Amino acid sequence: MNDLSHQVFLSNAAENAAENATPTASSTVEIPYYQPVANECALFELAYQRQLPLLIKGPTGCGKTRFVAHMAAKLARPLITVACHDDLSAADLVGRHLIGDGETLWSDGPLTRAVRQGGICYLDEIVEARKDTTVVLHPLTDDRRILPIERTGEELTAPNEFMLVVSYNPGYQNLLKNLKPSTRQRFLAIQFDYPNAELEQSILIKEAGIDLALATRLVDIARRFRQLKQHDLDEAASTRLLVYAANLIAAGCPPVEACAAALVEPLSDDLDTIAALMEVIKLHFGSGKVSTKTS
């Protein structure tokens, strides 16, 4: 299948998925803004239509979480997000018994709630969770689509509307933090990256209401910073940080100060590195006033 045929196929499939989605009062739900970079929206809808779990890989602040929120609203499904961490246990996801008012009550965890509601469960930075935690996902990510709850003896069958989405940043991978092959191969996967310059400019214009000239300066700064990743910087300047800087400037903050707070200080604690990054900022903005608003 050539590239053009592939894109037509994805476009048609996305339309079919939208037609087959469960009807709700979606017209009253505000869909979070998201600027598509490739065919990720169509692929997400295909995965939803076919009840397939999805893995999203990409650097910090490139739009993974916004993308999932956008798609959940577009499909009119409730979204339950879990920020994974080192202490996240299977019980945190599935649920546990709680004692209150002299009796023991069962409390569903976020994964169980999503299954019961037919929602989208999004596990952000899944590699941060303990290794034994991800095993609980396995029955939900094959043709069984079940969630056994050992403590209550229940076995929930996920409805067609339920979808499991996980994400992680490959840049943080190491021998201790990685998905086991037996888990990775249960998911479809989409690789995210920062958008190209033109798309990133349009995102800043939309998100902060700045003009093209300012958006172009900010994006160029980010491109220069990203060239320093793995040399002087551990992490690249993200699109999220660019939006922060643009919003500060749009609110009246001087551009150099806004970029220092949003683009420099969050990236490094090393004084020499900070000084070098500030030189890049000053080269772009100098001391003159900068127009911010679109006409």
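Two strands count as paired if DSSP finds at least two bridges between them, where strands (E, at least two residues) and helices (H or I, at least four) are DSSP runs numbered from the N terminus. With that in mind, select Lys57: Lys57 stands opposite Gln191 in β9. Strand β1 (residues 54–57) pairs with β9 in the parallel sense over four bridges.

A word on what you have open: this is a predicted model, where local features need pLDDT of at least 70, side-chain atom pairs count only at pLDDT 80 or more, and totals for chains, interfaces and linings use all residues. Residues are numbered from 1 along each chain as its sequence is written, and side-chain values use heavy atoms, leaving out hydrogens and water.

Now show the whole sheet. Five strands form an open, parallel sheet in the order β2-β5-β8-β1-β9. At the edges stand β2 (79–83) and β9 (188–191), each with a single partner strand, so one side of each has no neighbour in the sheet.

Next, select Phe44 and Phe67. Their ring centres are 5.5 Å apart and their planes at 90°, so the pair is edge-to-face (rings of Phe, Tyr and Trp, its six-membered ring, pair with centres within 6.5 Å; planes under 30 degrees apart are stacked, over 60 edge-to-face, the rest tilted). Phe44 sits in helix α2 and Phe67 in helix α3, 23 residues apart.

Ring pairs link Tyr34, Phe44, Phe67 and Phe192 into a cluster.
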